[in-house]
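Please open the model in a viewer and follow the stops below in order.

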Amino acid sequence: MSVTPFLFDARKVRLHRARAAKGFADAAFLHARAAEDCADRLEEINRPFPRALAYGGGPALLGALTRRALRDKLGVVLVADSCAALAPGPASLVFEQEAAPLAAGSCNLVVSCLALHWANDLPGALVQSRLALAIEGLFLGVVFGAATLLELREALLAAEAEMGVGASLRIAPFADCQDMAGLLQRAGFAQPVADSHILTVRYAQPLALLRDLQTMGESAAFTQNPRPLTRKVLARALQIYTERFSDHDGRVRASFELITATGWAL
Amino acid sequence: MSATVTPAPELDPRLLEVLVCPASRGPLRYDRQRQELVSDAAGLAYPIREGVPILLIAEARELQGAP
């Protein structure tokens, strides 16, 4: 078997985000939620951040960080994404977090909103953020945690096992909350803290979840495509999903674990 | 081709202050004419589209005669 150097295909991620950009504001309710949470936390921190970099949250993150209560705390807010259409101006740029084009010590705050799960090199991306931060700069990142989409993962695995087709990696592995604090420490951050909460979203049917993932640009973006999911296996997976994860009213649950990690550059 | 030429939006000066080349981490030179950010160290020119610098190595133009 050949060695796969990268799990994720950055080009595919950019493509999916570009396709999703138009409807992102409506579809990306998780990003909006994470963005508001970031802004709430920043309100609690009593210090100014003259130059902030906001990555990955689209218009929702820019909106949250420029809310009235943060106006005196945050100076310039640079908005970045791997996809230009999701980096609203006035001062926006496009880059990958693993190759950040930011001068050392140039920012006082880096906010990364639900974008690090596509990084092939998460520790490297965190190191890049730390390098970009000035002394006493803050990194505030929201990443998907391991409990994210556990229902869908289980349903797909069960369907594949049942039909004897062998399991495929169809959903990206997500970060572990405790690992995040460790990774921040390894990246050189002081006072690393990670906490997580699980958001349960209820859908009329599991197919609506799949559609939602697509419209927020979160289709799978692996370097090596998994074995194609046949119509039969998919149908069985959706059936299993409904059997195992329905509420009394017939709606199905989908978990999203949002880990919020913070660390200071010293 | 239309005869009216709309000038490309200028690169926000607040961006220029903080940007370095993602490949070499060296300085970037702003080529206003071509709307590019040029990294002489890496031999790459990054496009600026509608005022937004695209600092992706995959999208950069390789400079002729670059090292």
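Begin with the surface of chain A: its accessible area is about 11,900 Å², and 54% of this belongs to carbon and sulfur atoms (Shrake-Rupley method, 1.4 Å probe). The model is predicted, so local features need pLDDT of at least 70 and side-chain atom pairs count only at pLDDT 80 or more, while totals for chains, interfaces and linings use all residues. Residues are numbered from 1 along each chain as written, chains are lettered from A and ligands numbered from 1 in written order, and side-chain values use heavy atoms, without hydrogens and water.

Next, display chain A as a cartoon, which shows 9 helices and 7 strands (DSSP runs: H or I of at least four residues, E of at least two, numbered from the N terminus). The C-alpha trace spans about 55 × 45 × 35 Å along its principal axes.

Now colour by burial: 55% of the 266 residues of chain A count as buried (under 20% relative accessible area, 1.4 Å probe, protein chains only).

Then select A:Leu42, A:Leu65, A:Leu209 and A:Phe256, the residues with the most contacts inside the largest nonpolar core, which has 63 residues. Such a core joins buried Ala, Val, Leu, Ile, Met, Phe, Trp, Tyr and Cys residues through side-chain atoms within 4.5 Å. Another core, of 44 residues, lies apart from it and includes A:Ala115 and A:Ala265.

Finally, centre on A:Leu42. Beyond its neighbours within four places in sequence, its contacts (heavy atoms within 4.5 Å) include A:Phe49, A:Leu65, A:Lys73 and A:Leu140.

Methods. Buried means under 20% relative accessible area, exposed over 50%, partly exposed in between (1.4 Å probe, protein chains only).
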